[in-house]
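Please keep the sequence and the structure in view while reading.

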Amino acid sequence: GLYSFTTGSHMKPTQIECSKGSFNQIPAETTIHGDIRLSPFYEVEDVVEHIEQYIKDLNSELNDLETHNRGPWSKFVLPLNVQVQDGELRKGKVELNWMGNMDTFKLYAGIAVKLESDGHKALVQAFRESNDGVSPFSINGSLPLVKMMQKSGFDIQMCGFGRMSVYHGVNEYCTLSEMAKAYEVLTRLTCLLETVS
């Protein structure tokens, strides 16, 4: 595609917790914490609205979920002839709790840089001259305020230096030679932009 996103929008579990019991018991509750990363072609408000509707639909249609491939006792709603303990639910339930509010979510909205802007052209040229070539690509991430700044008229461009293979790793690192190359790119970028202003 035009932006070469390495992945599309995604919602993924990042932590799972279960209520404790015996090893032979199915937990009464499971909590899944997760993360949503949107490509910039979706509005945060629309995604929140759709996910909340999916949860409502799931809860109202638990009886209709296909479980026949898992056996007669693999159900989300237990029939009346199955004994449950006092306080236990007979029907499964999915609850969604957002870890913030809409104002916070908007701060982290996805962004697509303007590929025809002077800033992008200069950044690509600076990388090309300093690194014997360039291969722009896009990733989903979350940087506060960048979408708001772009909507306010700033030519927002983003780049990174260092090793993608250890990005956000426990032992994230870069080399001095990579930082020297970064300095070269940023110096050249500044020079290029001074000629167009």
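Which residues are exposed on the other side of H5? They are Leu176, Ser177, Tyr183, Glu194 and Thr195, where exposed means over 50% relative accessible area, buried under 20% and partly exposed in between (1.4 Å probe, protein chains only). This is a predicted model, in which local features need pLDDT of at least 70 and side-chain atom pairs count only at pLDDT 80 or more, while totals for chains, interfaces and linings use all residues. Residues are numbered from 1 along each chain as its sequence is written, and side-chain values use heavy atoms, with hydrogens and water left out.

The buried residues of H5 are Glu178, Ala182, Val185, Leu189 and Leu192. Seen down the axis of H5, these buried residues fall within an arc of 95 degrees (taken from the directions from the helix axis to the C-beta atoms), so they line one face of the helix. They pack against H3, with contact meaning heavy atoms within 4.5 Å. Helices are DSSP runs (H or I, at least four residues), numbered from the N terminus.

Ser117 sits in the loop between helix H2 (102-107) and helix H3 (118-131), and is buried, with a relative accessible area of 13%. Leaving aside residues up to four places away in sequence, Ser117 touches Asp155 and Gln157.

| Backbone atom | Distance to a polar side-chain atom of Ser117 |
|---|---|
| Oxygen of Lys114 | 3.0 Å |
| Nitrogen of His120 | 3.1 Å |

Definitions and conventions. Helix = DSSP H or I, 4+ residues; strand = E, 2+ residues; numbered from the N terminus. Polar contact = N/O pair within 3.5 Å; in protein donor to acceptor, adjacent residues only side chain to side chain.
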